[in-house]
Amino acid sequence: MPLARRTFLTAVAGTTGAAVACSGASADGTPTPAHRSPAAEAARRLLPRHWKQLTFTTPPAPAPATAPADDTFRVSGRRGDITITASTPAVQLTALRHYLKHAAHANITWAGSRTDLPDRLPGLAKPLTGRANTPHRFVLNDTNDGYTGAYHDWSYWERELDVLALHGYNEVLVYVGADALYHRVFQEFGYSDQELREWIPAPAHQPWWLLQNMSAFPYPVSRQLLDCRAALGRRIADRLRELGMTPVFPGYFGTVPPGFTGKNPGARTVPQGDWVGFTRPDWLDPRTDHFGRAASAFYRAQTELFGPSTMFKMDLLHEGGKPGDVPVGEAAKAVEKALQTAHPGATWVILGWQSNPPKAIVDAVDKSRMLVVDGLSDRFPKITDRESDWNATPYTFGSIWNFGGHTTLGANTPDWAELYEKWRTKDGSMLRGISLMPEAADNNPAAFELFSELAWRAGDLDLTAWFGEWSESRYGGADPHAAAAWDVLRRTAYGTTRADEWAEGADGLFGARPSLSAKSAAAWSPKAMRYSPADFEPAFTELLSVRRQLRDSSAYRRDVLDVARQALSNRSRALLPQIKQAYDAKNTGDFDRLTRDWLGHMDLLDTLMSTDSRHLLGRWVADARAWGADATERERLAYDQLSLLTVWGTRSGADAGLRDYANREWAGLVGGLYRLRWETYFKELRSALDEDRAPKAIDWFALEDGWIRDPGPLATHPTGDTYKVAVQVRERLIGKR
């Protein structure tokens, strides 16, 4: 079996008991040398030509009687011989990124990098030092495993964890493998293997099952899939612990399969009703002995499968959950008791979202053992006093700049600059960290780096200076056009604020279900641009003008791709009203010309996105199929992945607003489903004009579901040159002004 296929045989005790081939969870076959530190191993992966010039050391441990030291680092050394000193491998990597940015003008992010360094690393005239200003640096949203990709393999996760450590994070949400955990636990409570596999959703939809929103969609999971995901989850957790980071696991708060009371006489459950067209799982009353036994089995099996942790994520009554006649405070106390019984001193991590957590929860528990990861810090201007909102419960400053994995560029960076330090340093502050929680990762690299640095800065944040420095380290040198481009982006896509009660930018209309009055593709996205598109476009021209010597990096190509895509996408909002005007006026000449322009824009957008491997729908689908054991399972996993991006789930869920929640401008999606919808729509409108009648209704769900099941050939490898196609985009936009 070739190692190049990244395949190995593994058995996960207590799930199925059988050895299975796991393409996704595999290792590269190279053991870690005992003499090499975890940070050095990461440096070898990230900087294969230069890692031997780096020495990683740890400072002397503090005396037992003293308080734990803060996370600090020191970087020193001469040319070709750099020493990095920090308390954990993860902080050592954070120090490495600081050195690369400020001394070597290099850049490594989760969306493009520039590591074309001189043969010998630059020396330092004086040491670089840094200190974390807060203990908790939490990352990843509950939805990450769905919208970023449920079918990533170990090669993806290994780099992702390296990059998160580079950026200073020390607490990472790990949901991979939770399906295998529930499958094992509830066999102890009277459920068969088949019953549980029919209840557990396929991987792309599992985050919402873990949030107690849904179950049993779209197909039963296989035993080999459960085993493989458990193996990958263990590998992720082991690597985090190796780096000195904390895996944040799902805790147990009462989700049970259907029919629990029938299989467990005397148990008490509370029906949770519906969530956007799905039936929610029942909630086991946490005050009961049955809950205590289920929680004990859960935490025992979790430790056996994934190893230890000190942080567990639980969201009681998420997005409309129903307590019934169970007092919320008493439920919270019982959930906390079960956690502390299994893991004394553990921290309960809970999401700050909508009205959660209510004071009934935070007032019932030991606040010193709870951390609220706030998802709304930069969303609503009415949020000014989290200490009062949560009665002095420790919390993090958080951002969700992206919903559903939209490819939209931008973030509310002025709010970060204004609020974070103010909230952190005010009298009585309970701010204890940051929480980076876009619903999908691997996008918005400037926002990723800026937000990550909040926890490592001292004093006020000057955004003009920060973006100027970013333009230099991102591409490896100073360039007036790069600086000008990022200054425009700072004032437009990255210059929005929470004053309008949004945290993400407006999505494009090419991804909307066709309507002449469409205002957004996703139902819960901004209905208008949050900055001037005309003010944005000069950034595109400037970026294309960066000198040739600085263009040869994935960082530059990614930024050109993002800005070109955004500029072209923004035009959809100007063009659609013109099409509507021509249709309403029954001007068939203008209607034909404008709809040709619309479809032409879509074709060019698809061509642009085809130049980048991380924007290929075909690659995403191939990742899902790779986890299948046979042809049937491969097709089912592909459907799971594709449905999430399009109809999301059932017809009723799509009609309730979930459709296109996860829209994104990817090759194969823009040129596939999105183009099919708009071309179908325009043809019907044109026929209606010719026949002087109202347009016929189109069953969009039927069209979409049919395409999901047979999307045709989808490219899995990029084609074309990003820069050259971006120039074509610019020429087209100039010609269409």
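Predicted model: local features only at pLDDT ≥ 70, side-chain atom pairs only at ≥ 80, totals over all residues.
Although Val-276 is not a glycine, its phi is positive, at about 45°.

**Backbone features in loops**

A second residue of this kind is Lys-586, a non-glycine with a positive phi of about 55°. Lys-586 belongs to the loop between α19 and α20 (588-609). Its relative accessible area is 55%, so Lys-586 counts as exposed.

Cis peptide bonds also occur in loops of the model. One of them joins Phe-217 and Pro-218, and Pro-218 lies in the loop between α7 (206-210) and α8 (223-242). Another joins Asn-356 and Pro-357, with Pro-357 placed in the loop between β18 (347-352) and α12 (359-362). The table lists the angles.

| Site | Feature | Angle |
|---|---|---|
| Phe-217 and Pro-218 | cis peptide bond | omega about -15° |
| Asn-356 and Pro-357 | cis peptide bond | omega about -10° |
| Val-276 | positive phi | phi about 45° |
| Lys-586 | positive phi | phi about 55° |

Beyond its neighbours within four places in sequence, Ser-215 is in contact with Trp-199, Pro-201, Trp-209, Thr-279 and Pro-281.

Asp-119 is in the loop between β7 (113-114) and β8 (128-131). With 60% relative accessibility, Asp-119 is classed as exposed. Residues up to four places away in sequence aside, Asp-119 touches Arg-49, His-50 and Gln-53. In sequence, Asp-119 and His-50 are 69 residues apart, while their C-alpha atoms are 7.5 Å apart in space.

**Helix α18**

Helix α18 runs over residues 533-544. At 1.5 Å a residue, its 12 residues should span 16 Å, and the end C-alpha atoms are 17 Å apart, which agrees. Which residues of α18 are buried? They are Phe-536, Glu-537, Ala-539, Phe-540, Leu-543 and Leu-544. These residues lie on the same side of α18, because they cover an arc of only 145° around the axis. An α-helix has 3.6 residues a turn, so residues three or four places apart point the same way.

**Helices α1 and α2**

The packing of two helices is described by the angle between their axes and the distance between the axes. For α1 (residues 38-46) and α2 (residues 89-102), the angle is about 40° and the axes are 8 Å apart. The two helices are therefore oblique to each other, since an angle under 35 degrees would be needed to count as roughly parallel. The crossing of α1 past α2 is right-handed. Which residues meet where α1 and α2 pack? On the α1 side they are Pro-38, Ala-39, Ala-42 and Ala-43, and on the α2 side Pro-89, Gln-92, Leu-93 and Leu-96.

Note on methods: Residues numbered from 1 in each chain as written. Heavy atoms only, no water. Helix = DSSP H or I, 4+ residues; strand = E, 2+ residues; numbered from the N terminus. Expected span 1.5 Å × (residues − 1). Buried < 20%, exposed > 50% of the residue type's maximum accessible area, 1.4 Å probe, protein only. Arc of directions from axis to C-beta. Axes fitted to C-alpha atoms, helices over the stretch in contact; angles between N-to-C directions. Parallel < 35°, antiparallel > 145°, perpendicular 65-115°, else oblique. Left-handed = near helix turned anticlockwise from the far one by under 90°. Contact = heavy atoms within 4.5 Å.
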